[in-house]
Amino acid sequence: QVQLVESGGGLVQAGGSLRLSCAASGTFFWINVMGWYRQAPGKQRELVATINYGGTTTYADSVKGRFTISRDNAKNTVYLQMNSLKPEDAAAYFCTVKYTDGDVLYDYWGQGTQVTVSS
């Protein structure tokens, strides 16, 4: 079982910055992939960024150059630095972690943290 605690959401003006954090705790050896998804009202949940244990990252085209994902493996924490925020970035942001234990893939999601961007 894994618990994810997200923090850092809030209200920011367009052009501003926010930093999201997600700390994982529980029974696991190491986490393969950590990432962030987001979901705006009336829209499907979409990938924002992921990072694997070795530090390889992927980003949605819409956030490339503005968002940076990073992780601290010692703390089992993933971060999302969001700069130059736009109103269209407003959404609930969800942390996710994936790891394997033997042949079993585990996939956990956080409760979400709200990001609001005013124009």
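Predicted model: local features only at pLDDT ≥ 70, side-chain atom pairs only at ≥ 80, totals over all residues.
Helices (H or I, at least four residues) and strands (E, at least two residues) are taken as DSSP runs and numbered from the N terminus. Residues are numbered from 1 along each chain as its sequence is written, and side-chain values use heavy atoms, with hydrogens and water left out.

The protein contains zero helices and eleven strands, so that, under the definition of these elements as DSSP runs, their order from the N terminus is β-β-β-β-β-β-β-β-β-β-β. The C-alpha trace spans about 45 × 25 × 20 Å along its principal axes. The radius of gyration, taken over C-alpha atoms and compared with a globule rule of 2.2 Å times the number of residues to the power 0.38, is 14 Å, in agreement with the value near 14 Å for a compact globule of 119 residues. Burial is assigned by relative accessible area (buried under 20%, exposed over 50%, partly exposed in between; 1.4 Å probe, protein chains only), and 40% of the 119 residues count as buried.

A nonpolar core is a set of buried Ala, Val, Leu, Ile, Met, Phe, Trp, Tyr and Cys residues joined through side-chain atoms within 4.5 Å. The largest such core has 31 residues, and Trp36, Leu80, Met82 and Tyr93 have the most contacts inside it. Two or more residues each are given to this core by strands E1 (2-7), E3 (18-26), E4 (33-39), E5 (46-52), E7 (67-72), E8 (77-82), E9 (91-101) and E11. The largest share, five residues, comes from E9. Beyond four places in sequence, Leu80 touches Leu18, Arg19, Leu20, Trp36, Val48, Ala49, Phe67, Thr68, Ile69 and Tyr93.

Leu18, located in strand E3, is buried, with a relative accessible area of 14%. When residues up to four places away in sequence are not counted, Leu18 touches Gly8, Gly10, Val12, Leu80, Gln81, Met82, Leu85 and Val115. The C-alpha atoms of Leu18 and Phe67 are 9.6 Å apart in space, with the two residues 49 apart in sequence.

Strand pairing requires at least two bridges found by DSSP between the strands. E4 and E5 run antiparallel and are joined by six bridges, with Gly35 opposite Thr50 in E5. In the hairpin of these strands, six residues lie between E4 and E5, and Gly42 adopts a positive phi near 80 degrees. E5 also pairs with strand E6 (residues 57-59) in the antiparallel sense over three bridges, where Ala49 stands opposite Tyr59. The hairpin of E5 and E6 has four residues between the strands, and Gly55 in its turn has a positive phi of about 100 degrees.

Positive phi values also occur at residues other than glycine. Asn76, in the loop between E7 and E8, has a positive phi of about 50 degrees. Ser84, in the loop between E8 and E9, likewise has a positive phi of about 50 degrees and is partly exposed, with a relative accessible area of 40%.

Strand E11 pairs with two further strands. Four bridges join E11 to strand E2 (residues 10-13) in the parallel sense, and Val117 in E11 is the bridge partner of Val12. Three bridges join E11 to E9 in the antiparallel sense, with Ala91 opposite Val115. The covered face of E11 comprises Thr113, Val115 and Val117, and the uncovered face comprises Gln114, Thr116 and Ser118.

Within E11 (residues 113-118), Thr113 is buried, with a relative accessible area of 11%. Apart from neighbours within four places in sequence, Thr113 is in contact with Glu6, Gly9, Leu20, Ala91, Ala92 and Tyr93. A polar atom of the Thr113 side chain lies 3.3 Å from the backbone nitrogen of Gly9.

Conventions
Polar contact = N/O pair within 3.5 Å; in protein donor to acceptor, adjacent residues only side chain to side chain. Contact = heavy atoms within 4.5 Å.
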